[in-house]
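The following paragraphs guide the reader through selected parts of a protein model. Please keep the structure in view while reading.

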Amino acid sequence: MSDDPSLPALPVWHPGERAIQAQVGVAVRMEEVGRRVVRDHMPAQHRAFFEQIPFVVVGSVDGGGDAWATILAGVPGFLAAPDPRVLTLAAPADPADPAGAGLRAGEAVGLLGIEPHTRRRNRLNGLVRAATDEGLEIAVDQSFGNCPQYIQQRDAALIRDPRTPFTGEVEGRDGLDAEARATVEAADTFFVASYVDRAEDGQSRRQVDVSHRGGKAGFVRVAADGTLTIPDFAGNLFFATLGNILTNGKAGLVFADFATGDLLQMTGEAEVILSSPEIAAFRGAERLWTFRPRRVVRRRGALPLRWSLRAEGWSPNALATGDWREAAARLRAADVATRWRPFTVTRIVDESRTIRSFHLLPADGAGLVPHRAGQHLPIRVTLPGADRPVLRTYTLSGAPSDGIYRISVKRDGAVSGHLHDRVRVGDTIEARGPEGGFTLDPRAPRPALLLAGGVGVTPLLAMLRHLVHAGLRRGDVRPATLVLAARNRDEMPFGRELADLAAASGGRVGIVRVLSDPGDAVAGVDYEEAGRIDRALLARILPSGDADAYLCGPPAFTQALYDGLRGLGIPDDRIHAEAFGPSALVRDAPAAAAPERPPESEEPVAVAFLDSSKEARWSPGSGTLLELAEGCGLDPDFGCRAGTCGTCRTRLLAGTVTYRRKPTAPVAADEVLICCAVPAAGSGPVQLAL
């Protein structure tokens with residue numbers, strides 16, 4: 001054993017890791033985290049952990065600079081940690097193992113100890129101090145724990161003496177054959193080795209990392225040319241693998257067949273993808289990376305272990321992510337997001353005496369257009385006896401990761417009454433892509449205060465579901481409190497669902513139900529507060545007066561809560577609101593960067609509706625562009641006539657418009673909300689794609 005196995009210290013993160021941390025916005029935070037959790041030695045629990053496991057994943061680099069990953073097995077105890085800075089491994093590499101070329105004295109290696117049945121894993125990067133026929137002695141460079149999020153629970157069993165040399169079949173080729181492709185496409189787990197050559201603070205050495213990747217079966221896509229595309233899910237923000245790939249573009253992968261013990265190993269070139277429509281389309285993906293195999297080795301039966309998946313062994317985090325078939329459907333859906341599409345009602349749930357939820361899936365073969373929590377869904381239905389459909393917008397009350405659209409509708413008018421009384425499971429409703437800018441960032445640093453009146457809870461419920469689901473995937477749920485007001489117990493919706501979310505959050509989410517007329521409801525069981533949400537209640541529950549507030553309910557309700565929050569010192573820019581109907585929230589602070597709207601034209605303006613081959617002349621003081629279109633016999637889609645729902649969004653091909661009142665729905669530079677727009681002063685002829 002070496003007398004001094006310690007290695008000179010380098011900064012915790014190298015430039016590649018720091019670059020991705022900066023892109024995500026966590027660079028400052030991770031400097032502190034790195035100093036605390038990435039050690040130059042193994043703590044006692046890591047030493048004990050390595051000594052109890054029957055296999056270890058190893059990453060190495062061969063003489064040509066190619067990265068390889070492999071799995072070495074032994075009777076528990078074949079890994080030993082005689083002191084915190086040294087790990088010994090009594091399992092010499094098989095000569096047929098391509099990773100063995102990098103397991104020599106003086107070479108850098110990466111190790112991953114993983115225990116699938118408990119989902120524990122710990123990583124170690126180090127330097128081989130000695131390599132013999134008996135095994136390796138490794139000096140610790142970096143030692144750290146790892147998140148267990150995407151590990152499937154499997155039990156391992158030895159089927160032969162691991163000390164017996166492997167004599168099985170070895171196959172090598174330059175790319176993936178049909179069998180290898182099938183192995184990759186069916187995998188829910190693989191391991192990846194990567195490395196970086198560092199030269200910082202007067203030190204120079206190589207660091208090798210090996211890491212676990214998991215997801216639903218099918219989370220790795222294989223293209224016709226053999227390129228693998230892998231989603232990168234929310235993790236511990238270390239970005240060791242992606243930081244290495246960003247730096248040198250090389251990686252090595254190993255896929256294990258848990259039933260046969262086959263190992264499929266490959267080395268090649270990798271690339272990090274930080275921006276692509278496919279990222280949003282793949283549920284749960286934060287980034288993507290690709291791998292192009294250049295050399296592939298299959299060693300049949302190389303492992304003396306076999307694994308069996310536990311009955312409830314699937315990782316909940318993995319099951320909450322998508323697959324490439326779903327992602328392709330979502331991309332197809334994005335192409336038709338502005339069109340009316342048929343959706344099948346797959347489930348109907350009564351949430352309270354007056355609110356009913358409708359679960360919707362597309363019936364046209366395309367997938368769901370990804371939405372953001374808090375957005376609404378434009379739908380249209382034809383009422384009995386009517387000769388044309390009517391449009392409404394209902395908030396999506398489900399999270400983006402739910403894999404379905406859910407609208408929760410209060411019985412209040414002809415359309416909602418039609419949905420409640422006539423629509424059944426199996427019926428079809430037409431809908432367009434989700435819209436709206438009332439959304440929440442689950443990663444924001446301040447606690448979230450969600451204030452809802454009645455059915456105004458629907459966007460806030462979607463936000464809460466997203467906040468909890470995204471936080472559980474990351475291991476850090478943003479603190480939130482939902483305060484929900486209703487008249488009585490029978491009108492209080494989503495009781496069980498809210499309780500389940502609070503329980504799943506691990507104490508990070510609080511629910512406060514407020515009844516204005518409790519009647520025979522039981523305090524502490526059916527509600528937490530009696531009366532109304534007022535300034536006194538807000539003062540009691542506000543987390544240290546520092547929060548981002550989200551309000552949704554009837555206009556008077558929203559205005560009163562806004563005024564109360566301002567009176568408690570919450571800045572205007574931290575209060576986000578969506579009111580029902582055309583009324584706008586009256587704020588006591590001007591929007592910081594709101595540009596002035598140009599004045600309305602004082603001269604007549606020619607307007608052409610190009611898709612309909614019609615034209616008209618707009619006159620000062622007359623109606624909006626929507627009303628002008630209707631006067632020409634056109635039938636444009638609209639919802640609110642107030643610029644809040646976005647249903648009337650239309651492409652502006654020429655001319656300039658202004659708004660008689662500021663719209664709240666988001667609109668691009670080449671779009672116009674015709675329900676509240678008119679030609680602007682100085683505009684030439686206005687041309688609309690209508």
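Predicted model: local features only at pLDDT ≥ 70, side-chain atom pairs only at ≥ 80, totals over all residues.

**Strand pairing, helix faces and buried residues**

Within β7, Ile 138 is the residue bridged to Leu 87. The bridge belongs to the contact between strand β4 (residues 86-89) and strand β7 (residues 135-145), which pair in the antiparallel sense over 4 bridges.

An open sheet of 7 strands, with antiparallel pairing, runs in the order β2-β1-β5-β6-β7-β4-β3. Its edges are formed by β2 (67-73) and β3 (79-83), each of which pairs on one side only. On average, and with direction ignored, neighbouring strands of the sheet are turned by 35° against each other.

A helix is laid over part of this sheet. Helix α3 (residues 44-52) lies across β3, β4, β5 (108-115), β6 (120-132) and β7, and runs at about 75° to β6. Which residues of α3 are buried? They are His 46, Phe 49 and Phe 50. These three residues lie on the same side of α3, because they cover an arc of only 95° around the axis. The buried residues of α3 pack against β3, β4, β5, β6 and β7. On the other side of α3, Ala 44 and Gln 45 are exposed.

Helix α2 can be read in a similar manner. The buried residues of α2 (residues 27-37) are Met 30, Val 33 and Gly 34. Their directions cover an arc of only 105° around the axis, and they therefore fall on the same side of α2. Val 28 and Arg 35 are exposed, on the face turned away from the buried side of α2. Helix α1 (15-24) is included in what covers the buried residues of α2.

Is Ser 357 buried or exposed? Its relative accessibility is 0%, so Ser 357 counts as buried. The side chain of Ser 357 is joined to that of Ser 408 by a polar contact of 2.6 Å. Apart from neighbours within four places in sequence, the residues in contact with Ser 357 are Arg 347, Ile 348, Val 349, Glu 351, Arg 406, Ile 407, Ser 408 and Phe 494.

His 418 lies in helix α9 (residues 414-422). With a relative accessible area of 13%, His 418 is below the 20% limit and is therefore buried. Not counting residues up to four places away in sequence, His 418 touches Val 381, Thr 382, Leu 383, Pro 384 and Val 423.

The cysteines complete the account. How many disulfides does a search of the whole structure find? The search finds 0 disulfides. Cys 648 is in no disulfide, and the nearest cysteine sulfur, that of Cys 675, is 3.6 Å away. Cys 648 is buried, with a relative accessible area of 4%. Cys 552 also counts as buried, because its relative accessibility is 1%.

Technical notes: Residues numbered from 1 in each chain as written. Heavy atoms only, no water. Disulfide = S-S within 2.5 Å. Buried < 20%, exposed > 50% of the residue type's maximum accessible area, 1.4 Å probe, protein only. Helix = DSSP H or I, 4+ residues; strand = E, 2+ residues; numbered from the N terminus. Arc of directions from axis to C-beta. Contact = heavy atoms within 4.5 Å. Pairing = 2+ DSSP bridges. Axes fitted to C-alpha atoms, helices over the stretch in contact; angles between N-to-C directions. Polar contact = N/O pair within 3.5 Å; in protein donor to acceptor, adjacent residues only side chain to side chain.
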